[in-house]
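This report covers two chains. It takes up their contact first, then the build of each.

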Amino acid sequence: MLDDYLLTVISNIGMISLIALSAYILLITGEISFGQQAYFGISAYSGAIATTLWGWPFWIALLFGSLLAAIAAGVVSTLTVRISGLYFSIATLAFSEMVRLSLLKFSYQKEIDGELVGPNGAEGFGEIRWIFENNISVLQYTLLIYLILILVLICLFIIERSGLGMIFRMLGQDPMLTRVHGLNPVIYKVIAAVLAGFIAGLGGMLYAHSFTYIEPKIFNVMLGVHSLAYGLIGGLGTVFGPLIGVALDIGFLESIRVIHGYRMIVFGGLVALMLIFMPRGILDENRVYRLKLALKNWFRV
Amino acid sequence: MFELREICKSFGELRALHSVSLKIKSGLITGLIGPNGSGKTSLVNIMSGVYPIDSGQILLDGKDISGATSDQISRLGVFRTFQHIRIFERMTVIENVISAMISLEPFSLNELLGQVRKPDDPKVKVAQNMLEIMELEEEATLFASELPLPKRRRLEIARALARDPKVILLDEPAGGMTPKETESLANLILKHVAPGRTCLLIEHKMDLIAEVCEDLCVLHHGEKIAQGEPLVVFNQPEVIEAYLGKV
């Protein structure tokens with residue numbers, strides 16, 4: 001039966017998939033960002049403030065948090081658009097640490113029902129009670145997470161088949177050649193970053209309301225490194241790649257009791273092995289293409 | 001007409017091009033030759049906007065385009081190929097050709113988010129045509145990384161043709177090809193690339209130059225030392241000296 005523990009693992013997979021997808025979008029445009037956790041965090045805090053302190057409806061708060069994250073991502077990518085490679089990675093890391101350290105100093109509390117509620121620096125932000133106030137069960141919230149994940153996947157699917165998706169992949173392979181093809185990389189890099197920021201934001205806001213308590217240290221660099229690793233393990237050829245990576249890590253490694261406590265060691269080894277033997281993941285571009293051809297032939301017969 | 005006026009370009013202490021002026025006549029194939037390191041590829045990089053110039057002027061049909069970036073120049077109808085082949089290796093051959101046509105349409109949401117690989121899409125039709133012309137139709141669904149070198153060079157030209165540029169700059173299109181492959185490339189250039197276009201052809205293979213070029217320009221140490229009809233230019237003492245040294 002679906003007990004609450006299993007449901008928590010499943011909903012975790014859904015929420016972390018969103019930040020993994022956001023890192024994936026940047027990976028296919030050829031940029032390695034160590035800073036997607038910043039957008040996840042910005043949206044977690046702002047979305048939770050909106051529902052808890054301001055009493056906004058959930059959906060509007062979800063949009064609000066994600067839009068703030070998208071705007072922050074747009075600003076950062078406009079500032080870093082002329083740098084790439086290692087320098088881009090360092091810049092994104094620096095920004096995300098700025099966000100985390102600012103959250104450590106950020107205090108904004110209000111008295112609600114005789115109790116002080118709101119983010120208070122390192123103590124974190126508890127009492128995000130939207131789930132309890134509205135009597136949402138774990139199962140219902142899990143379904144909500146997956147509804148949003150599926151909507152995001154449909155959007156990414158459409159983009160993958162479109163000119164925009166092709167431009168993303170062109171940028172990821174040869175930015176100079178993309179420019180010679182008459183496309184200005186600056187525009188498309190910013191579009192990719194804003195899209196990635198928004199998707200990370202969706203994940204962050206859902207995360208805050210699922211755990212009812214958030215603190216700045218959740219949004220440290222390990223979250224960003226993981227979200228990168230998910231795409232690299234699962235594969236960069238399709239949007240399902242990062243989902244496979246998340247499912248492998250959270251669904252498989254964390255649930256096996258035998259290796260409990262050794263999960264990070266196994267995961268680290270897995271990343272190293274993948275980078276040596278399958279540098280673009282299990283479902284890389286070539287395998288995805290062959291799979292598609294095989295499926296097409298199979299349906300024709 | 002593509003015109004360069006007193007172009008200078010240095011990389012630190014190295015003077016790659018010094019006051020090069022060059023007129024590329026419309027509708028002709030102009031050859032560009034010179035010993036290694038004479039600045040041929042630098043010139044193409046400048047004409048396609050990949051490198052900014054230090055001084056001088058670039059004119060396209062009388063319009064000053066000095067300082068334009070490579071995406072702007074590309075949208076003005078100038079396209080190039082690369083001496084060191086650049087293709088999108090993690091895409092199929094036909095996708096490589098389609099990718100060249102994305103920026104041809106005005107920027108619109110429909111253009112950006114519409115499906116690019118629909119079989120009945122005009123872009124796909126054009127891409128198939130170009131692959132047929134370049135005799136690559138059987139390789140259309142292969143990954144570009146699987147192509148051997150001569151086919152990669154032809155893919156670069158197919159891609160350039162798909163954009164249907166006014167001016168096409170070919171940087172050593174026969175590099176690494178056997179004499180037989182070079183011969184068939186010459187035919188393809190004369191039949192499909194040149195008609196109705198302005199071409200600049202960089203080559204080391206003199207028989208190819210002699211066969212297809214109507215005008216020839218020689219660079220040496222970053223300076224232009226000769227321009228004129230190929231057979232006349234070949235016999236100029238400065239040109240012989242640049243290639244073979246002084247007797």
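## Contact between the chains

In this predicted model, 22 residues of chain A are in contact with 25 residues of chain B. On the chain A side, four helices each supply at least two residues: α6 (138-161), α7 (163-173), α8 (175-180) and α13 (285-300). Helix α7(A) gives the largest share, 7 residues.

## Chain A overall

Chain A has 13 helices and 2 strands. Along the principal axes, its C-alpha atoms fill a box of roughly 65 × 50 × 35 Å.

Of the 301 residues of chain A, 48% count as buried.

## Helix α9 of chain A

Helix α9(A) covers residues 185-211. At 1.5 Å a residue, its 27 residues should span 39 Å. The end C-alpha atoms are 39 Å apart, which agrees.

Why can α9(A) be called largely enclosed by the rest of the structure? Of its 27 residues, 21 are buried, so the rest of the structure largely encloses this helix. A residue counts as buried if 20 or more other C-beta atoms lie within 10 Å of its own. Just after α9(A) comes Thr212(A), which takes a positive phi of about 60°.

## The six-stranded sheet of chain B

Chain B holds an open sheet of 6 strands with mixed pairing. The order is β6-β7-β8-β3-β9-β10. Strands β6 (78-80) and β10 of chain B are the edges, and each pairs on one side only. Neighbouring strands of this sheet are turned by 15° against each other on average, direction ignored. Helix α1 (residues 40-47) of chain B packs on the sheet. This helix touches β3, β6, β7 (167-171), β8 (198-202) and β9 of chain B. Its direction makes about 150° with that of β7(B).

Strand β9 (residues 215-220) of chain B pairs in the parallel sense with β3 (residues 29-33) of chain B, over 4 bridges. There, Gly31(B) has Leu216(B) in β9(B) as its bridge partner. Strand β9(B) also runs antiparallel to β10 (residues 223-228) of chain B, joined by 5 bridges. Here the bridge partner of Cys217(B) is Gln227(B) in β10(B). The hairpin of β9(B) and β10(B) has 2 residues between the strands. In this hairpin, His221(B) takes a positive phi near 50°. Helix α10 (residues 237-244) of chain B lies across β9 and β10 of chain B, running at about 130° to β10(B).

## The four-stranded sheet of chain B

Chain B also has an open sheet of 4 strands, ordered β2-β1-β4-β5, with antiparallel pairing. Its edge strands are β2 (14-24) and β5 (63-64) of chain B, each pairing on one side only.

Which residue of β5(B) stands opposite Leu59(B)? That residue is Asp64(B). Strand β4 (residues 55-60) of chain B pairs with β5(B) in the antiparallel sense over 2 bridges.

Conventions:
Residues are numbered from 1 along each chain as its sequence is written. Chains are lettered from A and ligands numbered from 1 in the order in which they are written. This is a predicted model: local features need pLDDT of at least 70, side-chain atom pairs count only at pLDDT 80 or more; totals for chains, interfaces and linings use all residues. Two strands pair if DSSP finds at least two bridges between them. Two residues are in contact if their C-beta atoms, placed from the backbone, lie within 7 Å. A residue is buried if 20 or more other C-beta atoms lie within 10 Å of its own, exposed if 12 or fewer, and partly exposed in between; C-beta atoms are placed from the backbone. The expected span of a helix is 1.5 Å times one less than its number of residues. Axes are lines fitted to C-alpha atoms, for helices over the stretch in contact, and angles run from 0 to 180 degrees between N-to-C directions.
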